[in-house]
Amino acid sequence: FECMSMLGIAVGKEKFLPDARDAIAEMFSKPIDVDDEQREYIKEASDRICQCLKQDFAPFLPNLLPGLLRTLRFDEVAEKGDQKEEDDMYVKVSTGSGQLVRVHSHKFEEMKTSLQLLLTFCYEIQGGFFEFVQPSAEVLLPLLANADDDFTTWCGEVRGVCLQVWASLIKVARQGADQKGMAPELAQQLLSTGLRTTFALLAKSKDPETLCAITSGIAECIRSVGTGIVQASELAHIVGIMFETVDKSINRTAKAQHQRAPAADEDDDEDWGQHEEEQLRRNCEEVLAALMEVSAEHFLPCLPVCSERIGKWLQSKQNKVLGLYLSCDILLHLKERSQSIWPVFMPQVFKSLEMGAKGPCEEDADARLAAAYAINVAAPYAAFEEAAAEAYRRLAKIVGSPRPKKRDSSGRKALDNAVAALMSLIRERPGSCPPEIQAWPLILARLPLRDDESEAQKSHEKFVDLVMAKDAGLLGPSNSNLTSVLSSLAEVQGSKNLCNEATNAKIIKVFQLVPREMLQGFAAGFSEKQQRKIEKMLSG
C-alpha cells in the first residue's frame, strides 16, 4: 500500500493511473475497517493516492467510504486487550443520544485520522464527491451536535476537525450543484443545520478554547456556501450572536483580570486563557467578514451596529486591534458603500501609523499591521483620494525606518504590510504622492517581502504585473531601477512561500523577455544564487 501510493506521488497521475488501476482497485476492495494494522496503512495510502489522482479517485469511493464512516461511530466500539491492565486507557463518553459507551483512548486519534482523510477527499475530488455528501453528513452530525461535557473533554479536537469537514461538505455540495445545474439546496440545508447545531454549543460552553474551534468552523462554513444563500434575516441573527459572544468573552476577561493577584506577572496568562479569549474574539470577527464576503448587500443594514462596536473597541487598548480588523474587512468587502462609517475608524488608522523620534508611536505591532492593511485596501477607492497624501507621508516614514529585530516577528510583519500599502498607493494613486517622497526606491529597498507570507504573495503578484506593464515609475528614468527590480524578482522566483504558481510563471517570462546582453550587464547587481536561478529560467 505504502509503496504504491508513494510511487503515484512520485510519477504523477498520467503515468501512474493506467498501469496501477487494477492494483488500486484490488487494494481498495479490502474494507477500511478491517480489524488489524492494515487499516492505518490503507488510510495513509488512500490519502496519498487521492492527492495524486484527484477527481479520478472518485470511482474507488464506493468501496472505501462505508468502512471509513464506520470508524466515526461509537455504536460499533470493540474493546480489546486485557481490560484490567488497560483500564486507564478506556473512558466513558456519551454518543449524544444519552447512551454511554466505553471507548479506548486510541479511538479518538483514529477518528481524527478518518476525518482528515475525508478532508482530503473533499479538497481533491471537489464536486465529484457530491453524491457522498449526504451519507457523510449523517455520520458527522452526532459528533458535531454532542454537547456532553465528557465528550467535549475527550473529543474536543475531534469536533474541531469535524467542523472543518462539515465546511468542506458544504463547499462540495455547492460545487456539485453548480456543475449539475441544480439549485444549491443541499448546501443551504447543511449550512442551516451546521449553524443551528453550533449555536446551541456556543450557548452552552464557556471554555474559550472550545468556543474558538466552534467560531472558526462557523466562519469556514459560511465562506464555503458561497453567495446567494445567506438571507437578510439569517445574517442579522448571526451578527447578533457574534457580538453577543464577543461581549461574553470581554466580560470573562475583565472578571479574570480582576480576580488575578495584583503582583501577578503580566505575561503569565496561561491560567486564565487570555490568548484563547483574544483568538475567540478574532474568530467572531472572521465570521462577520465571511458574512460580508458572501452577502455584502444584506450586510449593509448592519453597518450602524458595526460602527457602534468599532468606536467602542477602538477606545480599549485590549480590543483596539479587533476594531481595526473589523474596519479592514468592512473596507475590503463593502468597499465605498461603507464610507458613511469611515470617520469612526480612519482617525485611528492614521494614528496607528505615526512615527516618533524613537520609532513607532503605536506600541502594538498588530495595530500597525491592521492600519497599514486598511490603507492597502482603501487606496483604490476614489473617496480615499483626499487622505492619500498623508498616507504616503506616514507609510514612507515607516518603510524608511530601521527594520525591526529578527525576534520581533510581529513588528517585521507590520513593516511588510506598510511596504505593501505604499505599493498599493503608488500603483493606484501615483498623482497623490508628495514630491518629497520617492516611493519606489523605498519599496525596492524592502523587497522581497518575507515575514507576512500571505501579503508577500499578493504584493509580489502586483509587483510583477507592474513590471510586465512596463510601469514607468517602477522602472525609473532610463530603466535606472531595473537591476533592483530583476534582483527582487529573481529572489522571489521558485519560492512557494513568497509567490504562487501564476506569479512564478510571470517572473520566468519577464527574464526570458529581457535581452541576454542586458542581463549580463546587470550581473554585478545579482547574487550568485540569483545568477544561478536566472540561468535556470533562461535554459528552461
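Author: Among the contacts in the protein chain between residues at least 6 apart in sequence, 72% join residues that are at least 24 apart. The model is a predicted one. Its secondary structure comes to 25 helices and 4 strands, and 52% of the 540 residues in the protein chain count as buried.

The largest nonpolar core contains 174 residues, and Leu118, Phe121 and Phe129 have the most contacts inside it. Helix 7, residues 149-180, supplies the largest share of this core, with 12 residues. In soluble globular proteins, nonpolar side chains tend to be buried together. Leu118 illustrates the contacts in detail: not counting residues up to four places away in sequence, Leu118 touches Leu65, Leu68, Leu69, Leu72, Phe129, Ser136, Leu140 and Val165.

Helix 6 (residues 133-145) packs with helix 8 (residues 185-204) at an angle of about 10 degrees, and their axes are 11 Å apart. Because an angle under 35 degrees counts as roughly parallel, helix 6 is roughly parallel to helix 8. By class, the contact of helix 6 with helix 8 has 8 nonpolar and 4 polar residues, and no charged residues. From helix 6, the residues Val133, Gln134, Ala137, Leu141, Leu144 and Ala145 take part; they meet Leu186, Gln189, Leu190, Thr193, Thr197 and Leu201 of helix 8.

Thr245 counts as buried because its relative accessibility is 9%, and the cut-off for buried is under 20%. Apart from neighbours within four places in sequence, Thr245 is in contact with Leu202, Leu280 and Cys284.

Helix 15 (residues 342-351) provides a further example, with Trp342, Phe345, Met346, Gln348, Val349 and Phe350 as its buried residues. The cover over these buried residues includes helix 13 (303-314), helix 14 (320-334), helix 16 (365-378) and helix 17 (385-399). Helix 17 is also where Arg394 is found. The side chain of Arg394 reaches the backbone oxygen of Phe350 at 2.6 Å, and Phe350 is one of the buried residues of helix 15. With neighbours within four places in sequence left aside, Arg394 is in contact with Phe350, Lys351, Leu353 and Glu354.

Key:
Residues numbered from 1 in each chain as written. Predicted model: local features only at pLDDT ≥ 70, side-chain atom pairs only at ≥ 80, totals over all residues. Heavy atoms only, no water. Core = buried A, V, L, I, M, F, W, Y, C linked by side-chain atoms within 4.5 Å. Buried < 20%, exposed > 50% of the residue type's maximum accessible area, 1.4 Å probe, protein only. Helix = DSSP H or I, 4+ residues; strand = E, 2+ residues; numbered from the N terminus. Contact = heavy atoms within 4.5 Å. Polar contact = N/O pair within 3.5 Å; in protein donor to acceptor, adjacent residues only side chain to side chain. Axes fitted to C-alpha atoms, helices over the stretch in contact; angles between N-to-C directions. Parallel < 35°, antiparallel > 145°, perpendicular 65-115°, else oblique. Nonpolar A, V, L, I, M, F, W, Y, C, P; charged D, E, K, R; others polar.
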